Amino acid sequence: MADCVLIEGLAVETVIGVYAWEREVTQRLLIDLELGWDNRKPGHSDRVEDALDYAAVSERVTECLQSMQPQLLERAAEAVAELLMNEFGVARLILTLRKPGAVPAARSVGIRIERGNA
Ligand SMILES: Nc1nc2c(c(=O)[nH]1)N=C([C@H](O)[C@@H](O)CO)CN2
């Protein structure tokens, strides 16, 4: 991947999981995003309108995950990738989604997906 906008360790509290008890609680997800974006235009204009606004992306990703309450990390990741491509015009991305509390013996578990020509 060439130019990127990065978001690392975005924490989202939401209902997620396949087991009955998981539907009754919120758990923390941690999201890392590498979002392909040509940074030359904002690099010259100094205008946030030309940039991929990482604050707006973070807010929208949080809202998506909190409203969808998915069972699987895979479903959550796919939905986030689709919104980034459809709503923000991101052409390529690498998304890592971690669920740190899921397996007590592990520091963290998670998945990574790549979409577009990452
Ligand atoms: N590949 C996956 N495996 C599992 C998931 C998941 O989302 N993706 N989820 C669970 C449970 O919800 C688990 O997190 C409870 O500890 C199990 N395996």
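This is a predicted model: local features need pLDDT of at least 70, side-chain atom pairs count only at pLDDT 80 or more; totals for chains, interfaces and linings use all residues.
**Exercise 1. Which residues surround the ligand, and how does the shell split by class?**

Step 1: Sort them, with Ala, Val, Leu, Ile, Met, Phe, Trp, Tyr, Cys and Pro as nonpolar, Asp, Glu, Lys and Arg as charged, and the others, Gly among them, as polar. You end up with five nonpolar, one polar and three charged residues.

Numbering starts from 1 along each chain as its sequence is written.

**Exercise 2. In what order do the elements run, and how do the strands pair?**

Step 1: List the DSSP runs from the N terminus (helices: H or I, at least four residues; strands: E, at least two). They read β-β-α-α-α-β-β.

Step 2: Call two strands paired if DSSP finds at least two bridges between them. At its edges sit β1 (4-14) and β4 (110-115), each pairing on one side only.

Step 3: Zoom in on β2 (residues 27-36) and β3 (residues 93-98): six bridges join them. Here leucine 35 stands opposite leucine 93 in β3.

**Exercise 3. What share of the protein is buried?**

Step 1: Count a residue as buried if 20 or more other C-beta atoms, placed from the backbone, lie within 10 Å of its own.

Step 2: Of the 118 residues, 18% pass.

Definitions and conventions: A residue is buried if 20 or more other C-beta atoms lie within 10 Å of its own, exposed if 12 or fewer, and partly exposed in between; C-beta atoms are placed from the backbone.
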